Amino acid sequence: MTAVAARKRPSAPKPAPCQPCEGTGQITEVVYTGRGPHRRRLAEQEATCLDCLGTGVAMEVHQ
């Protein structure tokens, strides 16, 4: 009797990282102050990426 090796299943492909946040789940938003021509850049703050909802994985869009 001969032994038969178990077949290896191919591993699932890794999900693509989200493009805007580059897979981190966080993006940087610029905060401005003032109106019209006096508008200036005040600071930067981190925000949750709205494309992947903070997971870092690109979401598939079904249409």
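## How to read the model

Residue numbers start from 1 along each chain as its sequence is written, and side-chain values use heavy atoms, with hydrogens and water left out. Because this is a predicted model, local features need pLDDT of at least 70 and side-chain atom pairs count only at pLDDT 80 or more, while totals for chains, interfaces and linings use all residues.

## Overall form

Let's start with the whole chain. The protein chain has two strands and zero helices (DSSP runs numbered from the N terminus: E of at least two residues for strands, H or I of at least four for helices). Its radius of gyration, taken over C-alpha atoms, is 22 Å, well over the 11 Å that the globule rule gives for 63 residues, so the chain is more spread out than a compact globule. That rule is 2.2 Å times the number of residues to the power 0.38. Along its principal axes, the C-alpha trace spans about 85 × 30 × 15 Å.

Of the 63 residues, 10% are buried (buried is under 20% relative accessible area, exposed over 50%, partly exposed in between, with a 1.4 Å probe and protein chains only). Contacts here mean heavy atoms within 4.5 Å. Among contacts with a separation of 6 or more, 37% join residues 24 or more positions apart.

## The hairpin

Now for the two strands. Strand β1 (residues 26–33) pairs with β2 in the antiparallel sense over eight bridges (pairing requires at least two DSSP bridges between the strands). β2 covers residues 40–48. Six residues lie between the strands of this hairpin, where G34 takes a positive phi near 95°.

Y32 is a handy residue to look at in β1. It stands opposite R41 in β2. Leaving aside neighbours within four places in sequence, Y32 is in contact with R39, R40, R41 and L42. Y32 is partly exposed, at 45% relative accessible area. The C-alpha atoms of Y32 and A5 are 64 Å apart, with the two residues 27 apart in sequence.

With a relative accessibility of 47%, D51 counts as partly exposed.

Not counting residues up to four places away in sequence, D51 touches C18, P20 and M59. D51 and G25 are 26 residues apart along the chain, and their C-alpha atoms are separated by 8.9 Å.
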